[in-house]
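This report covers a set of charged side-chain pairs and then the packing of helices. Please look over the sequence and the structure first.

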Amino acid sequence: MNRADLTEKLLDIKREKGWTWKYICEQIGGMSPVMVTGGVLGQHKMTKPMSFTAAKLFGLTKDEEGLIKEEPMPA
């Protein structure tokens, strides 16, 4: 799985569960909503505590959690 695949997976889960960005940001916490949203979308890396919480929220594997902690590649 690559980061783009993970982003699609996270967006699919968001849609399936009917979560808002506000809800996701409140659950993950740690930084501004812009940074949390960017982390979910693969535009920013997440800190270890944020990635751990996001992994629990979205039901991610350890490998997937590792992907959301990586620096994004420039487009």
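Lys62 and Glu65 both belong to helix H5, three residues apart, about one turn of the helix; helices here are DSSP runs (H or I) of at least four residues, numbered from the N terminus. The model is predicted, so local features need pLDDT of at least 70 and side-chain atom pairs pLDDT 80 or more, while totals for chains, interfaces and linings use all residues. Residues are numbered from 1 along each chain as its sequence is written, and side-chain values use heavy atoms, without hydrogens and water.

Lys62 and Glu65 form a salt bridge, defined as a side-chain nitrogen of Lys or Arg within 4 Å of a carboxyl oxygen of Asp or Glu. Lys62 is exposed at 64% relative accessibility, whereas Glu65 is buried at 8%. Buried means under 20% relative accessible area, exposed over 50%, and partly exposed in between (1.4 Å probe, protein chains only). The whole structure has four salt bridges, among them these:

| Pair | N to O distance |
|---|---|
| Arg15 and Asp12 | 2.6 Å |
| Lys45 and Glu71 | 3.9 Å |
| Lys62 and Glu65 | 3.8 Å |

Lys45 sits in the loop between H3 and H4 and Glu71 in the segment after helix H5 (62-68), so this pair ties together parts 26 residues apart in sequence. Lys45 is partly exposed, at 42%, and Glu71 is exposed, at 56%.

In helix H3 (residues 33-40), the buried residues are Val36, Thr37, Gly38, Gly39 and Val40. They pack against helix H1 (3-17), H2 and H4, where contact means heavy atoms within 4.5 Å. Just after H3, Gly42 has a positive phi of about 85°.

Methods
Helix = DSSP H or I, 4+ residues; strand = E, 2+ residues; numbered from the N terminus.
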